[in-house]
Amino acid sequence: MELREPGVCTVDVASGELRGATGRYMKTLRDLEGLYEDRAAYAALVRVMGDTVVYAVSDYRPSADAGDMIVGVTRMRPGKVGREFFMTRGHIHARADRPEIYYGESGRGVMLLESPAGEIRTVEIRPRTLCYVPPYWIHRSVNVGPDELVMTFAYPADAGQDYAIIEAAGGMRCRIVDDGRGGWATVDNADYRPRPADLVARIMGRTERAGAERQP
Ligand SMILES: O=P(O)(O)OC[C@H]1O[C@H](O)[C@H](O)[C@@H](O)[C@@H]1O
Ligand SMILES: [Fe+2]
């Protein structure tokens, strides 16, 4: 058995970055086509800030071995498309039985979770909130505050991400929108198509990296 050296990184909350990260990736508003309900508002916003980074991830990946871990930091810009808050693309783990934890560092967020059968959960993330995302839940982070949302996360190194599960269903079952009173509300996504029972059963049995798409 090969022995690895300990890893040390620093969470820089102010910049929303993991110092000592081995990888990073980001999504601009232009990359997030099809995510938002208000297509006209999205197109108008892309014209003025299409190249703006909506979220950036820096992570430390010792290996992709089963039993190893990936830790990292996500920084999300505040903003809205129409009434809908900025969010990550969202995914289920390609090995769907793998969990994740998120830890709020700064800002106000919501973790939106959906089971393959379409049950919805929301968890408010404030500084020092530790959110456990159990296996088999589709998850997406939403910045519902006026400031940057910074979260530290950790998940098994062989989990992988499957983004197609959300696209195939027309998005997640619910959307997180501005409630007009400084808070957020959950509304139904009119484009959502529930998964048939046999597909739900197949996902719930999924421990292989079926739909894995590599993150850069
Ligand atoms: O993968 P996305 O849905 O684009 O979300 C962006 C990132 O959010 C979190 O930080 C997760 O832990 C990452 O695994 C994920 O990549
Ligand atoms: Fe994840």
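Colleague: How far is an oxygen atom of ligand 1 from an N or O atom in the side chain of Y102?

Modeller: The model is a predicted one. A polar contact needs a pair of N or O atoms within 3.5 Å. An oxygen atom of ligand 1 and an N or O atom in the Y102 side chain are separated by 3.4 Å.

Colleague: How much of the 370 Å² that ligand 1 exposes when taken alone is buried by the protein?

Modeller: Taken alone, ligand 1 exposes 370 Å². The share of this area that the protein buries is 99%.

Colleague: Which residue has a polar backbone atom 2.7 Å from an oxygen atom of ligand 1?

Modeller: On the side-chain side, T74 places a polar atom 2.4 Å from an oxygen atom of ligand 1. The polar backbone atom, at 2.7 Å from an oxygen atom of ligand 1, belongs to G90.

Colleague: What is the volume of the largest cavity?

Modeller: The structure has two cavities of 30 Å³ or more. Ligand 1 takes the space of the largest cavity. The volume of the largest cavity is about 210 Å³.

Colleague: Which elements each supply at least two residues of the lining of the largest cavity?

Modeller: The lining has 20 residues, with Y25, V57, H91, Y102 and Q215 closest to the centre of the cavity. By class they are seven nonpolar, eight polar and five charged. The elements that each supply at least two lining residues are β4, β9, β13 (138-143) and β14.

Colleague: How many residues of the shell around ligand 1 are charged?

Modeller: The shell comprises 15 residues, and Y55, T74, E100, Y163 and Q215 are the closest. Seven are nonpolar and six polar, and the charged ones number two.

How values were computed: Residues numbered from 1 in each chain as written. Chains lettered and ligands numbered in written order. Predicted model: local features only at pLDDT ≥ 70, side-chain atom pairs only at ≥ 80, totals over all residues. Heavy atoms only, no water. Near = heavy atom within 4 Å. Polar contact = N/O pair within 3.5 Å; in protein donor to acceptor, adjacent residues only side chain to side chain. Areas by Shrake-Rupley, 256 points an atom, 1.4 Å probe, with all protein chains shown as cover. 1 Å grid on protein atoms, 1.4 Å probe; cavity = no way out; pocket = protein on both sides within 12 Å on 5 of 7 lines; lining within 4 Å. Sits in = over half its atoms within 2 Å of the grid points. Nonpolar A, V, L, I, M, F, W, Y, C, P; charged D, E, K, R; others polar. Points joined across faces, edges and corners; volume = space filled by probe spheres on them. Helix = DSSP H or I, 4+ residues; strand = E, 2+ residues; numbered from the N terminus.
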